[in-house]
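This report describes how one protein chain is built, from its overall make-up to selected residues. Please keep the sequence and the structure in view while reading.

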Amino acid sequence: MSVVNLVSFEDALASYDPVMGLEVHVELGTATKMFCGCSTAFGAEPNSQVCPTCLGMPGSLPVVNAVGVESAIKIGLALNCEIAEWCRFARKNYFYPDMPKNFQTSQYDEPIAFNGYLDVEVDGETFRVEIERAHMEEDTGKSSHIGGATGRIHGAEYSLVDYNRAGIPLIEIVTKPITGAGARAPEVAKAYVAELRELIKALGVSEARMEMGQMRCDVNLSLRPIGQEKFGTRSETKNVNSLRSVERAARFEIQRHAAVLSEGGTIIQETRHFHEEDGSTTSGRIKEEAEDYRYFPEPDLVPVAPSRAWVEELRAGLPELPRLRRQRLQQEWDLSDKDMQAVLNAGAIDPILETIAAGAPADQARKWWLGELARRANETGTDLTAQPITPAQVARVCALVAEGSLNDKLARQVIDGVLNGEGEPDEVVAKRGLAVVSDDSALGAAVDEAIAGNPGVADKIRSGKVAAVGALVGAVMKATRGQADAARVKELILDRLGVQG
């Protein structure tokens, strides 16, 4: 990988305004593909879910998936878009091995939804991201490049193509240029994709799991000198697949563009690849313009003309959207704006709700997701919900603490075991021998030893300074490797010393 010159983020923002455009592709959760009846189930044997239509065989004819159209309308409505009374599909022509027809069935100048917006918050400040369009299209197949060091086509010995994904319904959501965010631009990009993901999941049209490629973001970025109106030349970082990476990609490109421009260079309009390991981007290929794709109306599909009655029926059936849900939950959980923002920043609403649904008290669910699990996510550089632990498992840890089988220290060790793949919480407790010791006979020796080893502290307690008991409790906890029931230990110490608690 070639070395890329960067300027500091602060120096870049001192001279330039960042302008962003975000293109998000969402795989819809339909049972069949967009234009044929092949299954969309994930994980099937390669090329086992294909037919003449999605393989582009001569004479095969597509048929539009009605659920895909309905999902597109729901997304458009939730994004405050206008819904087209009449729109068409188009052929986007290009050759690439993962597109078996040599064209992609998409929408060009007649999208199903357009002119919308989505409000996002960054540390209490609201940014309105305007939506240019949301259009229907189909996904491509998946290429695997075998051999070589990077997993990309350059340097590979050979390539394999799986067409199971070819034809899966996609919605592409394109923003208008996002300006005025300044130094907050990378955070706004992350917040927008996070809000959009929550909206998509709330609608039930996709699981929007970025780690599985169900939702992918292309980050378009350019810089313009402060005080100028004309946008600079943009780069497009393709297929960024985590919230953290969206922010990192935008930040890196701001610094890279500024370095090129400050040295008198020229930005090339190109696609770029994002590298998770260091947050950098590298050049992919020169970016085409729309005319290069030779769009023309798809002759094998009739136009889509959703009736106004159907659109209004779908509008009336929209679920509670994320922004309203957050306001409701903040009231129900009695959280300050700062505390609720911490929940949002961590991306913890859904795992907290699912943990509560699994039986945990709301405060305990928040405690573990925002504490131990958020800390570990930050340390490993992963999204909170990408960690190998489920809300049901967190709820079980909460239950073990509530029943006295674990204290917080031991619970953290149980979470560590679950994350390490050692099994369910109860299995980790058994394997590691982590249960709290509360039996008086088992604790008695440790209590007596602590009193004997700290006669001065014991005398203070006898003289009425009951607060000093904490030192003896700590000694017992150390002796029992944190497995003693601290409350019972305190009771035993005071009883041994003849002091009322």
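## Overview of the chain

The structure is a predicted model. Its chain holds 17 helices and 14 strands. The C-alpha trace spans about 90 × 55 × 50 Å along its principal axes.

Of the 501 residues of the chain, 47% count as buried. Sequence separation can also be considered for the contacts. Among contacts between residues at least 6 apart in sequence, 68% join residues at least 24 apart.

S2 pairs with strand S5 (residues 113–122) in the antiparallel sense over two bridges, and Glu82 stands opposite Phe114 in S5. S5 in turn pairs with strand S6 (residues 125–138), again in the antiparallel sense, over nine bridges. Within this pair, Gly116 has Ile131 in S6 as its bridge partner. S5 and S6 form a hairpin with two residues between the strands, and Asp123 in this hairpin takes a positive phi near 50 degrees. On the next step, S6 and strand S9 (residues 169–175) pair in the antiparallel sense over seven bridges. There, His135 stands opposite Glu172 in S9.

## The three-stranded sheet

Another open sheet is formed by three strands in the order S4-S3-S14, with antiparallel pairing. The edge strands are strand S4 (103–106) and strand S14 (296–297), and each pairs on one side only.

Strand S3 (residues 90–93) pairs with S4 in the antiparallel sense over four bridges.

## Helices in contact

Two packed helices are described by the angle between their axes and by the distance between the axes. How do H6 and H7 pack in these terms? The angle between H6 and H7 is about 125 degrees, and their axes are 11 Å apart. Because of this angle, H6 and H7 are oblique to each other. The crossing of H6 and H7 is right-handed. Arg326, Leu329 and Gln330 in H6 meet Asp337, Met340 and Leu344 in H7. By class, the residues of this contact of H6 with H7 are three nonpolar, one polar and two charged.

H12 and helix H13 (residues 425–432) pack at an angle of about 110 degrees, with 9 Å between their axes. H12 and H13 are therefore roughly perpendicular to each other. H12 contributes Gln413, Val414, Asp416, Gly417 and Val418 to the contact, while H13 contributes Pro425, Val428, Val429 and Arg432. The contact of H12 with H13 has five nonpolar, two polar and two charged residues.

Helix H9 (residues 362–370) has Ala365, Arg366, Trp368 and Trp369 as its buried residues. Which helices do the buried residues of H9 pack against? They pack against helix H6 (322–333), helix H7 (337–346), helix H8 (349–357), helix H10 (372–380), helix H11 (391–402) and helix H12 (408–419).

## Two buried residues

Lys33 lies in the loop between strand S1 (16–27) and helix H2 (66–78). Is Lys33 buried or exposed? Its relative accessibility is 1%, so Lys33 counts as buried; the cut-off for buried is under 20%. Lys33 and Gln49 are 16 residues apart along the chain, and their C-alpha atoms are separated by 9.7 Å.

Val246 has its place in helix H4 (residues 243–262). Val246 counts as buried because its relative accessibility is 0%. Leaving aside residues up to four places away in sequence, Val246 touches Ala189, Lys190, Val193, Cys217, Val219 and Val240. Val246 and Gly227 are 19 residues apart in sequence, and in space they are 27 Å apart, C-alpha to C-alpha.

Note on methods. Residues numbered from 1 in each chain as written. Predicted model: local features only at pLDDT ≥ 70, side-chain atom pairs only at ≥ 80, totals over all residues. Heavy atoms only, no water. Pairing = 2+ DSSP bridges. Buried < 20%, exposed > 50% of the residue type's maximum accessible area, 1.4 Å probe, protein only. Contact = heavy atoms within 4.5 Å. Axes fitted to C-alpha atoms, helices over the stretch in contact; angles between N-to-C directions. Parallel < 35°, antiparallel > 145°, perpendicular 65-115°, else oblique. Left-handed = near helix turned anticlockwise from the far one by under 90°. Nonpolar A, V, L, I, M, F, W, Y, C, P; charged D, E, K, R; others polar.
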